[in-house]
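Here's a walk through one model, meant to be read with the structure open beside you. We'll go through it piece by piece.

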Amino acid sequence: HGRDPGIAPDRLAAARLRPDRIVIDGRMRDVHEQNERLRRAGPVVPVELPGPVRAWAVTRNDALQAALVHPDLSKELRHWADWADGRVPRDWPLSNIVTAQSMITKEGAEHRRLRALVNKAFTARHVDRLRPRIAHHAAALLDALAGHAPGPVDLRLHYAYPLPRNVICELVGMPETWHADLHKLTDSLIRVTDDADYAASRMGTLRELFAEVIDLRRREPGDDLTSALIAVRDEEGRRLTERELHDMVMTLFIAGHETTINLITNAARALLAHPGELARLRSGTLPWSAAVEETLRWDSPVAYFPMRYAVRDVDLGGVRIGAGDAVVACYAAAGRDGRRYADADRFRPSDPPADHLSFGHGEHFCLGAALARTEAEIALESLFTAFPDLAPAGPSEGLEPLATPLSNSVRTLPVMLG
Ligand code: HEM
């Protein structure tokens, strides 16, 4: 490459990262079957991501917990040797995530500054105030469902999707007339699409829309997060720069979107397949929060999340990760690790985990966890109360997975409303 990439040739020749091993591209039929293979292969396993891009997958619960707080595994892109050396195609499907100028890709003081600013604006009070709004959106969507023609209804499309979308749009102060069309833009962002131009043009449109939202809230401040972020100042009295403000709002929008859709979809699907547990929730013997926590463990909304990079050689789970290598967190795999959870493959809301990793761990722990939990609890309780005879329209096993390595859910969830 015309310069020393910093990795000795003999180390590369040792080929600890062999991209011909296990491919994580979102095209697998069954993520849990693949994860079983990954865990069996070891706590830290070489894999290939679409691109092709090589990385280490952290597959087991204890190794993942250690990786998420490891001081030498950084989320800053500059540490990734394959990226610096041009071995990652610039139109790589996951480029948007690893290049975002937001807290997701920052560490240390810079990470704390950005996170503290949004924390000031996005308080528990904000989330609490959203409760009646979430319940309102849920009720309106359920009313619309009740008017649906007889026959199967896709619960993901008509309920699990629009609920978090409406909530996050309201939270960031997006004009209401835009809400319904947004999925045409967001839908392809997380997909592995073979058409990079198409993905880039959608990303471009989304960026323009967010610039408009920020302009709008500057002119007409409201009771929304964007207005709060425009006004908020850090300890030294500094505001966010234009670019930071833009990427912050965009990050919150994208991070708060599909993940929560998956959580609601996966929980509803699990409960429909476990009528005994559902009955206990409906009767109040079990709190809805237990179903939410158990779904997070058993069927994590995030499957594989890129990336962390080894700042120097790192020993993890007995495996040596070379400086400059990339690491992928396998959240769905960790949730079913039999070394950590007894009877890990069984869905047991009566015994929910105290400590799953599905919202992450440490400094980067999910900023939206309280919001996501609140949304999912309200969504499930409202849904199963409104439709006492709700039933799956077909076998749960036959449902098609989302074609993305990031997200873990099904494309559609057909139900009979009863
Ligand atoms: C971070 C999962 C909902 C905003 C994370 C991380 C995970 C996660 C695993 C850690 C990533 C890492 O360490 O590399 C989820 C799941 C959700 C959800 C499973 C829903 C079920 C939300 C919502 C929002 C949000 C609703 C915002 C409104 C964020 C942000 C970060 C983050 C901003 C980055 C935090 C940081 O880097 O300091 N999320 N999330 N998430 N999440 Fe969530």
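This is a predicted model: local features need pLDDT of at least 70, side-chain atom pairs count only at pLDDT 80 or more; totals for chains, interfaces and linings use all residues.

**Around the ligand**

Let's begin with the ligand. The shell around it has 24 residues, and the ones that come nearest are Gly-256, Thr-259, Gly-360, Cys-366 and Gly-368. Helix 13 (242–255), helix 14 and helix 18 are the elements that give two or more residues to this shell. Sorted by class, the shell around the ligand has 15 nonpolar residues, eight polar ones and one charged one.

**Helix 14 against helix 18**

Two of those helices also pack on each other. Helix 14 (residues 258–272) and helix 18 (residues 369–386) meet at an angle of about 35°, and their axes are 10 Å apart. The crossing of the two is right-handed. On the helix 14 side, the contact uses Thr-259, Thr-260, Leu-263, Ile-264, Ala-267 and Ala-268. Facing them from helix 18 are Ala-372, Glu-375, Ala-376, Ala-379, Leu-380 and Leu-383. Nine of the residues in this contact are nonpolar, two are polar and one is charged. The numbering makes sense if you recall that an α-helix has 3.6 residues a turn, so residues three or four places apart point the same way.

**Helix 16, a covered helix**

How many of the eleven residues of helix 16 are buried? Nine are, so to speak, tucked away, and helix 16 (residues 288–298) counts as mostly covered. The buried set is Trp-288, Ala-291, Val-292, Glu-293, Glu-294, Thr-295, Leu-296, Arg-297 and Trp-298. These buried residues pack against helix 14, helix 15 (275–282), helix 17 (331–335) and helix 18.

Six of them form an open sheet with mixed pairing, in the order 1-2-3-9-6-4. Strand 1 (22–23) and strand 4 (73–74) are the edge strands, each pairing on one side only. As a reminder, strands of a sheet pair through backbone hydrogen bonds, either parallel or antiparallel. Strand 6 is mostly covered, with six of its seven residues buried. Helix 3 (residues 61–68) lies across strand 2, strand 3 (53–58), strand 4, strand 6 (304–310) and strand 9 (326–330), and runs at about 125° to strand 9.

| Strands | Direction | Bridges | Example pair |
|---|---|---|---|
| Strand 1 and strand 2 | parallel | two | Val-23 and Glu-48 |
| Strand 4 and strand 6 | antiparallel | two | Leu-73 and Ala-310 |
| Strand 6 and strand 9 | antiparallel | four | Phe-305 and Ala-329 |

Pro-306 and Met-307 are joined by a cis peptide bond, with omega at about -20°. Met-307 has its place in strand 6.

Another one to check is Asp-343, which has a positive phi of about 55° even though it is not a glycine. Asp-343 lies in the loop between helix 17 and helix 18. Is Asp-343 buried or exposed? Asp-343 counts as exposed, because it has 9 C-beta neighbours inside 10 Å, and the cut-off for exposed is 12 or fewer.

You'll find Glu-397 in the loop between strand 10 and strand 11. With 7 C-beta neighbours inside 10 Å, Glu-397 counts as exposed too. For a sense of distance, pick Glu-397 and Ala-67: they are 330 residues apart in sequence, and their C-alpha atoms are 32 Å apart in space.

Note on methods:
Residues are numbered from 1 along each chain as its sequence is written. Axes are lines fitted to C-alpha atoms, for helices over the stretch in contact, and angles run from 0 to 180 degrees between N-to-C directions. A crossing is left-handed if the near helix is turned anticlockwise from the far one by less than a right angle, and right-handed if clockwise. Two residues are in contact if their C-beta atoms, placed from the backbone, lie within 7 Å. Ala, Val, Leu, Ile, Met, Phe, Trp, Tyr, Cys and Pro count as nonpolar, Asp, Glu, Lys and Arg as charged, and the others, Gly among them, as polar. A residue is near a molecule or strand if its C-beta atom, placed from the backbone, lies within 6 Å of it. Two strands pair if DSSP finds at least two bridges between them. A residue is buried if 20 or more other C-beta atoms lie within 10 Å of its own, exposed if 12 or fewer, and partly exposed in between; C-beta atoms are placed from the backbone.
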